[in-house]
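Here are a few exercises to work through with the viewer open. Try each one yourself before you read the solution.

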Amino acid sequence: MKKVGVAILGLGVVGGGTYTILTTHREFYQQTQDLDISVENVLELRRERAVELGIDESKIASNIEEICSNPDVDIVIEVMGGVEPAKTFVLKALGAGKSVVTSNKELFCKYSHELENAAKHNHVGLFYEASCVGGVPVIRSLLDNLQGNEITSLVGIINGTTNYILTKMTNDGVTYAEALKEAQRLGYAEANPTADVDGYDAAYKLSILSSISFHKKIPFSCIHREGITGISPIDIQYGKRLGYVLKLLAIGKNTPKGVEVRVHPAFIRKNHPLASVSDSYNAVYITGDSVGDVMLYGRGAGAEPTGSAIVGDVIYCATHTRYRYSTFENTENAKPSTKFISNFGSVYYIRMNAEDKTGELAKVTAILSKCGISVAQVIQEESDASGNFKAPLVVITHMTREEAVNKAISAINENCDSTVVESVIRVVS
Ligand code: HSE
């Protein structure tokens with residue numbers, strides 16, 4: 001039986017989950033994989049956390065150097081999160097000839113070029129399944145099973161916190177602030193929720209997933225990113241009336257004209273498979289030229305789902321001798337030949353607050369028409385009887401371009417004294 005020693009850097013939620021899976025399944029992996037996987041070291045400042053998990057004090061390393069020089073450690077698992085000191089520790093481990101398994105999306109997204117060079121140079125493996133969509137096996141599906149395809153697009157719900165918040169707003173009609181508070185109470189959202197609600201977490205993951213899908217470096221800086229903080233329940237309710245569900249989508253498309261990569265709230269039809277992905281669940285909908293559409297669904301976060309992805313990488317690493325690296329030239333920036341499309345095409349939902357007076361709707365539609373935007377549907381509510389003459393006016397456009405919509409919104413806000421554009425949401429078909 002092959003002996004495999006691992007070290008775990010960080011015993012937070014994911015580190016603890018990984019330790020638990022490895023220890024409770026040790027015999028199972030001996031029987032099924034012919035591997036004896038033992039945790040030889042942990043690196044954690046809070047000794048009491050290690051003790052709480054039942055880790056022998058002799059396994060607690062004082063520093064990364066102790067782990068790098070431990071001949072019984074073959075694989076280092078980095079689950080600390082953040083860029084530093086994780087980056088320094090991973091580079092030291094790779095330099096010491098240890099393979100690395102990481103769940104760190106920010107680190108991998110921003111520095112995969114440096115980490116991968118170090119891994120190649122030292123002839124060791126670098127695995128990152130747990131960096132994207134937790135327990136959902138999307139990375140190895142793309143790297144292995146789907147390699148026979150040209151991947152043309154991927155559309156994902158890849159952040160559980162925002163999916164929980166939007167689901168709560170949709171089902172219970174609560175405000176963003178109320179749903180966020182509940183997400184924090186349940187431990188989905190951090191005290192500082194910026195990384196999730198402003199779309200950074202989804203954009204790190206999209207950068208990683210689209211790079212491996214399209215065989216091109218897609219840097220984080222090239223991703224158009226919008227979060228969910230400005231979403232109002234009224235838009236969710238209008239969306240419902242129109243047969244749509246609101247989601248924070250991560251979209252990557254590889255077209256002959258260029259690459260489109262964006263994270264933003266979007267309406268999708270309620271019969272789209274992604275529409276039923278609720279609460280904190282994640283899913284990625286991938287389209288390949290041979291396979292057609294594939295959807296992977298499951299838990300995108302949490303101790304054991306993410307630990308499952310990490311342990312899968314440990315077993316893969318221990319049972320493979322030829323390590324694979326990126327299929328593209330992995331540099332810090334995209335190649336100059338990669339064209340990114342920002343003026344992308346979409347259907348748009350535009351909600352205005354308009355005074356209910358003769359000619360106002362005609363003015364708005366004239367501006368849309370002048371900007372080349374064709375209207376597919378209009379909802380105009382009656383103004384109320386309380387002396388408030390403003391009433392919601394909702395327009396769904398036909399397929400148009402981002403620049404045309406931006407031009408039309410500026411023109412409406414400038415030229416229609418009695419109409420204000422309150423929200424604009426893309427509709428993804
Ligand atoms: N905070 C992330 C989410 C999980 O809510 O999906 C880790 O990426």
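**Exercise 1. Find the residue in strand 2 that is the bridge partner of Ala 7, then work out how the strands around it are arranged.**

Keep in mind that this is a predicted model.

Step 1. Start at Ala 7 and step across to strand 2: the bridge partner there is Asn 41.

Step 2. Zoom out to the two strands. Strand 1 covers residues 2–9, and eight bridges tie it to strand 2 in a parallel arrangement.

**Exercise 2. Is Asn 104 buried or exposed, and which backbone nitrogen does its side chain reach at 3.0 Å?**

Step 1. Asn 104 sits in the loop that runs from strand 4 (99–102) to helix 6 (105–121).

Step 2. Check the accessibility. The relative accessible area of Asn 104 is 3%, and the cut-off for buried is under 20%, so Asn 104 is buried.

Step 3. Follow the side chain. It reaches the backbone nitrogen of Leu 107 at 3.0 Å. A polar atom of the Asn 104 side chain also lies 3.5 Å from the backbone nitrogen of Glu 106.

Step 4. List what else is around. Beyond the neighbours within four places in sequence, Asn 104 is in contact with Glu 78, Gly 81, Gly 82, Ala 86 and Ser 131.

Step 5. Hop over to one of those contacts, Ala 86. Ala 86 belongs to helix 5 (residues 86–95) and is buried, with a relative accessible area of 0%. Setting aside neighbours within four places in sequence, the contacts of Ala 86 are Glu 78, Met 80, Gly 81, Asn 104 and Leu 107.

Step 6. For a sense of scale, pick Gln 380, which is 294 residues from Ala 86 along the chain: their C-alpha atoms are 54 Å apart.

**Exercise 3. How many aromatic pairs does a search of the whole structure find? Take two of them apart.**

Step 1. The search turns up 10 aromatic pairs.

Step 2. Take Tyr 200 and Phe 220. Their rings are 6.3 Å apart centre to centre, with 25° between the planes; since planes under 30 degrees apart count as stacked, that makes this a stacked pair.

Step 3. Ask what the pair connects. Tyr 200 is in helix 11 (residues 200–214) and Phe 220 is in the loop between helix 11 and strand 7 (224–225), so the pair ties together parts 20 residues apart in sequence. Both partners are partly exposed, Tyr 200 at 28% relative accessibility and Phe 220 at 22%.

Step 4. Now go to Tyr 281 and Tyr 297, another stacked pair: 5.1 Å centre to centre and 5° between the planes. Tyr 281 is in strand 10 (residues 281–288) and Tyr 297 in strand 11 (residues 292–299), 16 residues apart.

Step 5. Tyr 281 is partly exposed at 26% relative accessibility, and Tyr 297 is partly exposed at 45%.

Step 6. Ring pairs also build a cluster, made of Phe 127, Tyr 316 and Tyr 323.

**Exercise 4. Which residue in strand 11 stands opposite Tyr 281?**

Step 1. Set up the strands. Strand 10 and strand 11 run antiparallel and are joined by eight bridges, with a hairpin of three residues between them.

Step 2. Read across from Tyr 281: the residue opposite is Arg 299.

Step 3. Look at the ring. Arg 299 lies over the face of Tyr 281, 4.2 Å from the ring centre.

Step 4. Compare with another arginine over a ring: Arg 262 lies over the face of Phe 344, at 4.0 Å from the ring centre.

**Exercise 5. How many disulfides does the count come to?**

Step 1. The count comes to zero.

Step 2. Cys 68 is buried, at 15% relative accessible area.

Step 3. Cys 132 is buried, with 0% relative accessibility.

Definitions and conventions. Residues numbered from 1 in each chain as written. Predicted model: local features only at pLDDT ≥ 70, side-chain atom pairs only at ≥ 80, totals over all residues. Heavy atoms only, no water. Helix = DSSP H or I, 4+ residues; strand = E, 2+ residues; numbered from the N terminus. Buried < 20%, exposed > 50% of the residue type's maximum accessible area, 1.4 Å probe, protein only. Polar contact = N/O pair within 3.5 Å; in protein donor to acceptor, adjacent residues only side chain to side chain. Contact = heavy atoms within 4.5 Å. Phe/Tyr/Trp six-rings, centres within 6.5 Å; stacked < 30°, edge-to-face > 60°. Lys NZ or Arg CZ within 6 Å of the ring centre and 35° of its normal. Pairing = 2+ DSSP bridges. Disulfide = S-S within 2.5 Å.
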